[in-house]
Amino acid sequence: MLSSIFEPASIAVVGASNNETKWGGMILKNLRSGYKGAVYAVNPMEKEVQGLTSYHSILDIPEDVEMAITAIPAQLVLEVVDECGKKGVKGLVVLTAGFSETGKSGGELEKQLVSLVRKYGMRMIGPNTLGIVNEPFNLNASVIGKLPRPGHISFITQSGTLGLAIADWTIDMGIGMCKIISTGNKADTDDVDLIKYLDNDSSTGVIAMYIEGINRGKLFLETARRIKKPIVAIKTGRSKRGQKAVFSHTGSIAGSDEIYSAAFKQAGILRVDTIDEVFDAALAFTCQPLPRGNNVAIISNGGGASIVAADECERQGLNIVDLTPETRDKIKAVIPEFASSSNPVDTAGTVSFKIYTESIKALLRDPNVDALIVIYVHTQMSNAIPPAEAVVEIKQKCTKPVIACWMGGSGTEQGVDILKSGCLPNYSVPERAVKALAALVKHRDFLAKTKTDDAMPENLGG
Amino acid sequence: MSLVLTEHESKKLLAKYEIAVTKESIAKNADEAYAIASQIGTPVAMKISSPDISHKSDVGGVELNIPASEAKATYDKIISRIKKALPDAKIEGILVQQMAPPGHEIIVGLKKDAQFGHALMFGLGGIFVEVYKDVSFRVAPIGIKEALDMISEIKGYPILKGIRGRKPADIDAIARVLVSVSEMAQKENIIELDINPLIAGETGAIAVDARAMIEE
């Protein structure tokens with residue numbers, strides 16, 4: 001059970017160290033900084049580690065141990081894992097490197113490790129992982145310096161160091177995270193197991209992934225397709241073409257990357273190009289309802305920004321919808337005479353709580369409008385706070401997605417903080433806001449389609 | 001081991017999955033060429049059939065629009081040309097086939113992929129696929145709706161719907177071909193397949209040329 005890894009009642013660190021710059025020291029320290037369950041240190045060379053009794057072997061621990069983390073050299077892993085099995089450990093996080101990632105002999109060792117893990121019915125993350133984080137459980141079983149802020153995004157990463165960097169970055173950006181999972185070599189637990197687990201995990205709202213390669217491709221697609229939670233993924237290796245000497249046109253055009261894109265699309269996985277986009281989309285999913293359709297309204301105090309947004313809508317397949325005459329009348333009543341009441345609505349530089357409130361209300365009540373993008377462009381004559389207050393207030397009572405883009409430097413900061421407090425992530429430029437909205441629309445389309453479609457019949461065969 | 005099928009063998013495979021193919025037979029000699037051409041009844045295409053030759057027109061192995069009365073002479077002409085150009089090539093005979101009907105040139109392909117199994121490709125054929133790579137992909141198996149989506153996804157879709165007085169293509173027929181190809185992918189152990197072109201007229205779609213590589 002993966003719950004033994006993510007929500008264990010007790011944890012032993014095998015290879016625990018007094019030196020906090022070593023993995024076995026760092027991970028013990030990180031664990032104890034938040035985790036509420038029992039923690040045991042195992043190191044035959046020490047009597048005490050970071051103030052804890054150090055056991056010679058995991059078998060010497062008098063209490064039950066549900067999960068073990070190994071930070072020991074590769075040649076010792078089999079022996080230790082065998083002891084873990086005998087002890088009744090249910091979950092393993094094997095930080096140790098030196099397995100299939102190093103070549104043939106390492107691959108052989110990994111096979112032996114997996115058969116041992118399975119012999120005892122344990123589950124394992126790794127080897128060669130930087131660990132896992134489960135924020136709602138205050139569990140930091142990783143070498144990431146601190147727990148992320150609470151949130152509903154769970155991130156599966158095939159690159160450990162990228163996971164590390166992103167974890168730190170999310171803290172700085174104020175992005176809340178639920179779980180961070182560095183998969184390592186995926187020798188036992190792989191993407192299929194993890195997305196299934198996260199699908200059933202009530203604290204996960206959206207699954208974000210960094211993927212280099214998938215082990216069980218067909219099963220992964222089948223599994224992903226049944227998952228209703230959004231999955232946003234970045235898959236690297238786009239530049240790789242298919243093989244050179246080819247027999248057919250199809251063979252020369254269908255590189256593995258094109259096939260990945262098609263497969264992800266069929267499985268409802270949103271493939272994005274950049275790490276920014278992964279989290280832009282993921283944040284939108286955690287804070288916004290799905291739109292009913294792709295009809296978008298834009299309001300801005302600056303024409304340029306709304307044109308940029310409208311152009312990006314076009315590229316993303318979103319429709320800049322015609323507003324009803326009633327909506328236009330309501331907007332006309334509050335904006336200056338020379339401003340534009342047609343979509344995109346342009347307040348011609350004027351900004352006030354009233355203008356934004358009344359216009360946004362009218363736009364959201366318009367039956368033609370499925371989603372709204374609110375843009376504020378900072379100038380020396382305007383104040384970022386009133387429009388932010390307006391949008392947050394309306395957002396509380398509204399069932400349509402509202403995406404915010406407050407552009408400008410330090411002058412917008414207070415406005416952005418108000419947005420964040422209302423679960424309105426701010427997108428720094430219109431294109432990012434539009435792409436995040438497009439992700440919501442695509443996911444909604446996928447859900448609508450899977451109810452009726454035969455995109456991938458149950459009997460996949462093969 | 002992989003095995004490359006000739007055009008005729010590839011089309012027999014397609015026909016097994018109810019994909020329409022051109023009327024055709026292999027002539028072993030000039031008399032047979034005449035007999036087959038007469039039976040088809042309209043001008044024919046004549047193509048060298050050899051497991052050693054995959055790019056038939058590059059070596060002068062293709063003649064088009066041949067009336068039955070010229071089939072014999074054309075047979076001899078192609079054979080002597082090939083014997084001269086490729087003396088070691090094993091020649092099975094000449095494929096005498098119905099000329100392609102008018103319609104839209106389409107490419108339908110299949111490729112076995114290590115991660116996900118078989119991938120299907122659809123696109124407009126000829127220069128469109130060569131230059132613009134205006135194609136769409138799906139992982140097999142797919143059903144008819146997914147096939148229709150795949151068709152409507154390419155940039156050139158309006159061309160198939162019929163623009164500027166051009167006749168539209170039978171899109172449902174193309175979709176059925178895609179579903180059939182998806183079905184044969186696994187059953188026939190296909191490594192790679194091109195149907196190029198599949199000609200889609202106002203009613204129906206017919207495989208005019210095909211090449212397949214299968215796993216033995």
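Chain A has a mean pLDDT of 92, and 95% of its residues reach 70 or more. Here pLDDT is the predictor's confidence in each residue, from 0 to 100. This is a predicted model: local features need pLDDT of at least 70, side-chain atom pairs count only at pLDDT 80 or more, and totals for chains, interfaces and linings use all residues. Residues are numbered from 1 along each chain as its sequence is written, while chains are lettered from A and ligands numbered from 1 in the order in which they are written.

**Confidence in chain A**
- Residues 454-462 of chain A have pLDDT below 50. Beyond near neighbours in sequence, this stretch has 21 contacts in the model. Two residues are in contact if their C-beta atoms, placed from the backbone, lie within 7 Å.
- Where pLDDT is low, the predicted coordinates should not be read in detail.

**Domains of chain A**
- Chain A is assigned domain 1 (3-128), domain 2 (134-286) and domain 3 (289-447). Such bounds come from an automatic or database domain assignment.
- The centres of domain 1 and domain 2 of chain A, taken over C-alpha atoms, are 25 Å apart.
- In chain A, 27 residues of domain 1 are in contact with 17 residues of domain 2.
- On the domain 1 side, helix H2 (23-32), helix H4 (104-119) and strand E7 (123-125) of chain A each supply at least two residues. Helices (H or I, at least four residues) and strands (E, at least two) are DSSP runs, numbered from the N terminus.
- H2(A) gives the largest share of that side, five residues.
- The domain 1 side divides into 16 nonpolar, six polar and five charged residues. Ala, Val, Leu, Ile, Met, Phe, Trp, Tyr, Cys and Pro count as nonpolar, Asp, Glu, Lys and Arg as charged, and the others, Gly among them, as polar.

**Where chain B meets chain A**
- The contact takes 28 residues from chain B and 24 residues from chain A.
- Elements giving two or more residues to the chain B side include strand E7 (117-124), strand E8 (135-139) and helix H5 (144-152) of chain B.
- E6(B) provides the largest share of that side, five residues.

**Strand E8 of chain B**
- Five of the five residues of E8(B) are buried, so this strand is largely enclosed by the rest of the structure. A residue is buried if 20 or more other C-beta atoms, placed from the backbone, lie within 10 Å of its own.
- B:Val135, B:Phe137 and B:Val139 are buried on one side, and B:Ser136 and B:Arg138 on the other.
- E7(B) and E8(B) run antiparallel, joined by five bridges.
- B:Phe122 has B:Ser136 as its bridge partner in E8(B).

Note on methods: A residue is buried if 20 or more other C-beta atoms lie within 10 Å of its own, exposed if 12 or fewer, and partly exposed in between; C-beta atoms are placed from the backbone. Two strands pair if DSSP finds at least two bridges between them.
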